[in-house]
Amino acid sequence: MDISTIGIVGAGQMGNGIAHVMALAGYSVTLSDVDQDALDKAVALIEKNLDRQVSREKISAEERDSALSRITATLDIAKAGATDLVIEAATEQEAVKHKIFESLAPHLLPHTILTSNTSSISITRLASRTDRPEKFLGFHFMNPVPVMQLVELIRGIATDKETYEACMAVVDRLGKTAASAEDFPAFIVNRILVPMINEAVYTLYEGVGNVRSIDLAMKLGANHPMGPLELADFIGLDTCLAIMNVLHDGLADTKYRPCPLLTKYVEAGWLGRKTKRGFYDYR
Ligand code: CAA
């Protein structure tokens, strides 16, 4: 099946990056959110990131302008639903995601493929509450979306071959690479990455190192581009905690228990870069 129109629900950190790469690859994008301020910020950020690509000669000014012209930002979720492929990119809370798929339902076209950019929640469970579990797939981008090469594609138990292949063709057109993952808690990347971040928080909690030494150790000692605490701030501490809870609940193994210090930071509203305070202070 040929995909030309993409609906994205959620204009946050991931939604705006997905809109950016989809528009640049020539897709017509409808970006929807419940908050006009979030939409305005997303469009401004897409413009800024496209400008950065122009200034580094990755794309031309014409490509930037035509990508921007292909993005429609709207408060009307119906417009995002009436597309060939919908990507839900809202906050990592299962109840919110179910509600979004319910709101989309009356507006979908018969052939619309539904996907979620969830970083950890069961695709099979999300799909089972829609009218088309066979046309439902996990479509998981990495942050920052315009830079990271990988997309995880996660088949739910009912996902059909045609849906998987149509989404694989989209990944190819984006110039990205897909890794196929089975539908188990947090899939591949976050099953490995987020427990590592959680362990770094334990290392801080137990006083093995301070924030600087922990990040320095992993940057210079393991060649990671960012230290784990810096990366946690970048991903969002609320998202890291949500993923640990999915692993802990879904795999019922105490090795996935979230570090109490991570929980405390989230309870304080210190969520990392997005709130200007996390393990580092961005104020
Ligand atoms: N849009 C477009 N381009 C961007 C960008 C954005 N948002 N952010 C960075 N870039 C580009 C820069 O322009 C630069 O391009 P050039 O190579 O042409 O110079 C390049 O990316 C590198 O950026 P910087 O020079 O500004 O900074 P850096 O070298 O420190 O790299 C980074 C920044 C790419 C974020 C790097 O630190 C990195 O790879 N960090 C790890 C990121 C990571 O692990 N992401 C996965 C998170 S987990 C996840 O996403 C899954 C989940 O579900 C939680």
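Where is the place of K276? K276 lies in the segment after α12, where helices (H or I, at least four residues) and strands (E, at least two) are DSSP runs numbered from the N terminus. This is a predicted model, in which local features need pLDDT of at least 70, side-chain atom pairs count only at pLDDT 80 or more, and totals for chains, interfaces and linings use all residues. Residues are numbered from 1 along each chain as its sequence is written.

**Domains**

- The domain assignment gives domain 1 (5-181) and domain 2 (190-273); such bounds come from an automatic or database domain assignment.
- The centres of domain 1 and domain 2, taken over C-alpha atoms, are separated by 26 Å.
- Contact is made between 5 residues of domain 1 and 7 residues of domain 2; two residues are in contact if their C-beta atoms, placed from the backbone, lie within 7 Å.
- On the side of domain 1 that touches domain 2, the residues divide into 1 nonpolar, 3 polar and 1 charged. Here Ala, Val, Leu, Ile, Met, Phe, Trp, Tyr, Cys and Pro count as nonpolar, Asp, Glu, Lys and Arg as charged, and the others, Gly among them, as polar.

**Nonpolar core**

- The largest nonpolar core has 74 residues, of which I8, I18, A19, V29 and C240 touch the most other members. A nonpolar core is a set of buried Ala, Val, Leu, Ile, Met, Phe, Trp, Tyr and Cys residues joined through C-beta atoms within 7 Å.
- A residue is buried if 20 or more other C-beta atoms lie within 10 Å of its own, exposed if 12 or fewer, and partly exposed in between, with C-beta atoms placed from the backbone.
- Helix α11 (residues 237-251) gives the largest share of this core, 8 residues.
- At least three residues of this core come from each of domain 1 (5-181) and domain 2 (190-273).
- Leaving aside residues up to four places away in sequence, I8 touches G15, I18, A19, V29, L31, A80, I87 and A89.

**Around the ligand**

- There are 20 residues around the ligand, and N49, S119, N143, P144 and P146 come nearest. A residue is near a molecule or strand if its C-beta atom, placed from the backbone, lies within 6 Å of it.
- The elements α2 (36-55), α8 (189-205) and α10 (228-235) give two or more residues to this shell.
- The shell divides into 11 nonpolar, 6 polar and 3 charged residues.
- Each of domain 1 (5-181) and domain 2 (190-273) supplies at least three residues to the shell.
- N143 and P144 are joined by a cis peptide bond, with omega about 0°; P144 is in the loop between β6 (136-141) and β7 (150-155).

**Helix α12 and the segment after it**

- L262, Y265 and V266 are buried in helix α12 (residues 260-268).
- Seen down the axis of α12, these buried residues fall within an arc of 100°, so they line one face of the helix. The arc is that of the directions from the helix axis to the C-beta atoms.
- The face turned away from the buried side carries the exposed residues P260, E267 and A268.
- The cover over the buried residues of α12 includes α8 and α11.
- G269 follows α12 and has a positive phi, near 80°.
- G272 is in the segment after α12 and is buried, with 25 other C-beta atoms within 10 Å.

- Most residues other than glycine have a negative phi.
- F187, in the loop between β8 (177-181) and α8, has a positive phi near 60°. F187 is buried, with 23 other C-beta atoms within 10 Å.
- K276 has a positive phi near 65°, and counts as partly exposed with 13 C-beta neighbours inside 10 Å.
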